[in-house]
Amino acid sequence: MIRIEIIANQSVQSELLKNIEALLPDLLFTILPLANGKGKNSYKLGDTTWPETNFVLIAYADDKIEKKISQIVRFVKLKFSTEGIKLFIMHDRQ
(Lines give C-alpha, C1' and ligand atoms only; values in the text may rest on other atoms or scores of the structure.)
Protein backbone atom coordinates (compact mmCIF):
# COMPACT_ATOMS: atom_id res chain seq x y z
CA MET A 1 0.00 0.00 0.00
CA ILE A 2 1.24 3.49 -0.84
CA ARG A 3 0.16 6.99 0.07
CA ILE A 4 0.31 9.41 -2.84
CA GLU A 5 0.52 13.16 -2.30
CA ILE A 6 0.61 15.60 -5.17
CA ILE A 7 1.04 19.30 -4.44
CA ALA A 8 0.75 21.67 -7.38
CA ASN A 9 -0.42 25.06 -8.56
CA GLN A 10 -4.21 25.22 -9.02
CA SER A 11 -3.64 26.15 -12.66
CA VAL A 12 -2.63 22.54 -13.47
CA GLN A 13 -5.30 20.77 -11.41
CA SER A 14 -7.67 20.02 -14.31
CA GLU A 15 -4.85 18.75 -16.54
CA LEU A 16 -3.52 16.49 -13.81
CA LEU A 17 -6.97 15.10 -12.98
CA LYS A 18 -7.77 14.53 -16.64
CA ASN A 19 -4.67 12.37 -17.01
CA ILE A 20 -5.16 10.50 -13.73
CA GLU A 21 -8.79 9.71 -14.51
CA ALA A 22 -7.92 8.56 -18.05
CA LEU A 23 -5.08 6.25 -16.99
CA LEU A 24 -6.14 5.26 -13.46
CA PRO A 25 -9.96 5.42 -13.56
CA ASP A 26 -10.34 3.36 -10.35
CA LEU A 27 -8.04 5.53 -8.23
CA LEU A 28 -9.91 7.07 -5.33
CA PHE A 29 -8.54 10.35 -4.01
CA THR A 30 -9.23 13.43 -1.93
CA ILE A 31 -8.42 16.97 -3.04
CA LEU A 32 -7.71 19.76 -0.62
CA PRO A 33 -8.56 22.60 -3.01
CA LEU A 34 -6.79 25.46 -1.29
CA ALA A 35 -3.28 24.98 0.06
CA ASN A 36 -1.25 28.01 1.08
CA GLY A 37 2.46 27.91 1.72
CA LYS A 38 5.96 28.67 0.53
CA GLY A 39 7.63 26.74 -2.22
CA LYS A 40 11.13 26.78 -3.61
CA ASN A 41 10.63 29.96 -5.64
CA SER A 42 7.64 31.80 -4.18
CA TYR A 43 4.82 32.00 -1.70
CA LYS A 44 1.33 30.73 -2.51
CA LEU A 45 -0.89 32.60 -0.10
CA GLY A 46 -3.96 33.55 -2.15
CA ASP A 47 -3.75 37.22 -1.17
CA THR A 48 -3.11 40.38 -3.16
CA THR A 49 0.66 40.18 -2.66
CA TRP A 50 1.00 36.43 -3.35
CA PRO A 51 -2.21 35.59 -5.29
CA GLU A 52 -1.48 32.03 -6.36
CA THR A 53 -2.59 28.95 -4.42
CA ASN A 54 -1.84 25.25 -4.56
CA PHE A 55 -4.02 22.20 -4.18
CA VAL A 56 -3.16 18.86 -2.57
CA LEU A 57 -4.29 15.48 -3.88
CA ILE A 58 -4.07 12.54 -1.47
CA ALA A 59 -4.70 8.92 -2.41
CA TYR A 60 -4.01 5.46 -1.04
CA ALA A 61 -3.41 2.68 -3.55
CA ASP A 62 -1.69 -0.61 -4.26
CA ASP A 63 2.06 -0.50 -4.82
CA LYS A 64 1.54 -1.60 -8.42
CA ILE A 65 0.35 1.86 -9.55
CA GLU A 66 3.43 3.71 -8.29
CA LYS A 67 5.14 3.66 -11.68
CA LYS A 68 2.01 4.79 -13.53
CA ILE A 69 1.28 7.72 -11.18
CA SER A 70 4.93 8.77 -11.45
CA GLN A 71 4.67 8.73 -15.25
CA ILE A 72 1.47 10.81 -15.18
CA VAL A 73 3.02 13.44 -12.94
CA ARG A 74 6.22 13.49 -15.01
CA PHE A 75 4.15 14.06 -18.19
CA VAL A 76 2.25 16.99 -16.64
CA LYS A 77 5.50 18.44 -15.26
CA LEU A 78 7.00 18.41 -18.77
CA LYS A 79 3.97 20.27 -20.09
CA PHE A 80 3.94 22.79 -17.20
CA SER A 81 7.60 22.98 -16.23
CA THR A 82 7.35 26.21 -14.22
CA GLU A 83 4.37 25.29 -12.03
CA GLY A 84 6.17 23.50 -9.20
CA ILE A 85 4.36 20.15 -9.33
CA LYS A 86 5.57 17.80 -6.58
CA LEU A 87 4.85 14.11 -6.07
CA PHE A 88 5.45 12.31 -2.78
CA ILE A 89 4.96 8.57 -2.36
CA MET A 90 5.12 6.92 1.04
CA HIS A 91 5.26 3.15 1.43
CA ASP A 92 3.56 1.20 4.18
CA ARG A 93 6.36 -0.77 5.86
CA GLN A 94 4.45 -2.96 8.33
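## Basis of the description

The model is predicted, so local features need pLDDT of at least 70 and side-chain atom pairs count only at pLDDT 80 or more, while totals for chains, interfaces and linings use all residues. Residues are numbered from 1 along each chain as its sequence is written, and side-chain values use heavy atoms, with hydrogens and water left out.

## The sheet

Four strands form an open sheet in the order β2-β5-β1-β6, and their pairing is antiparallel; strands are DSSP runs of E with at least two residues, helices are DSSP runs of H or I with at least four, and both are numbered from the N terminus, while two strands pair if DSSP finds at least two bridges between them. Because β2 and β6 stand at the edges with a single partner strand each, one side of each is left without a neighbour in the sheet. From one strand to the next the twist averages 15 degrees, where angles run from 0 to 180 degrees between N-to-C directions and axes are lines fitted to C-alpha atoms, for helices over the stretch in contact.

Strand β1 pairs with β5 in the antiparallel sense over eight bridges, and with strand β6 (residues 86–91), again in the antiparallel sense, over six bridges. On the β5 side, I2 has A61 as its bridge partner and I6 has L57, whereas on the β6 side R3 stands opposite M90. Six of the eight residues of β1 are buried, so this strand is largely enclosed by the rest of the structure; buried means under 20% relative accessible area, exposed over 50%, and partly exposed in between, with a 1.4 Å probe and protein chains only.

Helix α1 (residues 13–23) and helix α2 (residues 66–79) pack at an angle of about 150 degrees, with their axes 10 Å apart. Their crossing is right-handed, a crossing being left-handed if the near helix is turned anticlockwise from the far one by less than a right angle and right-handed if clockwise. In this contact, for which heavy atoms must lie within 4.5 Å, E15, L16, N19, I20 and L23 in α1 meet K68, I69, I72, V73, F75, V76 and K79 in α2. The residues of the contact divide into eight nonpolar, one polar and three charged, where Ala, Val, Leu, Ile, Met, Phe, Trp, Tyr, Cys and Pro count as nonpolar, Asp, Glu, Lys and Arg as charged, and the others, Gly among them, as polar.

The buried residues of α1 are Q13, E15, L16, L17, N19 and I20, and what covers them includes β1 (2–9), β2 (29–35), β5 (54–61) and α2. Helix α2, for its part, lies across β1 and β6 and runs at about 170 degrees to β6.

## The nonpolar core

In soluble globular proteins, nonpolar side chains tend to be buried together. The largest nonpolar core here has 20 residues, of which I4, I6, L16, I20 and L27 touch the most other members; such a core is a set of buried Ala, Val, Leu, Ile, Met, Phe, Trp, Tyr and Cys residues joined through side-chain atoms within 4.5 Å. The elements that give two or more residues to this core are β1, α1, β5 and α2.

Not counting residues up to four places away in sequence, I20 touches I6, P25, L27, L57, I69 and I72. L27 is found in the loop between α1 and β2 and is buried, with a relative accessible area of 11%. With residues up to four places away again left out, L27 touches I20, A59, Y60, A61, I65 and I69.

V12 has its place in the loop between β1 and α1 and is buried, with a relative accessible area of 1%. Leaving aside neighbours within four places in sequence, V12 is in contact with F55, F80, E83 and I85. Q13 is found in helix α1 and counts as buried at 19% relative accessibility; not counting residues up to four places away in sequence, Q13 touches I31 and F55.

H91 lies in strand β6 and counts as partly exposed at 31% relative accessibility. Leaving aside neighbours within four places in sequence, H91 is in contact with M1, I2, D63 and E66.
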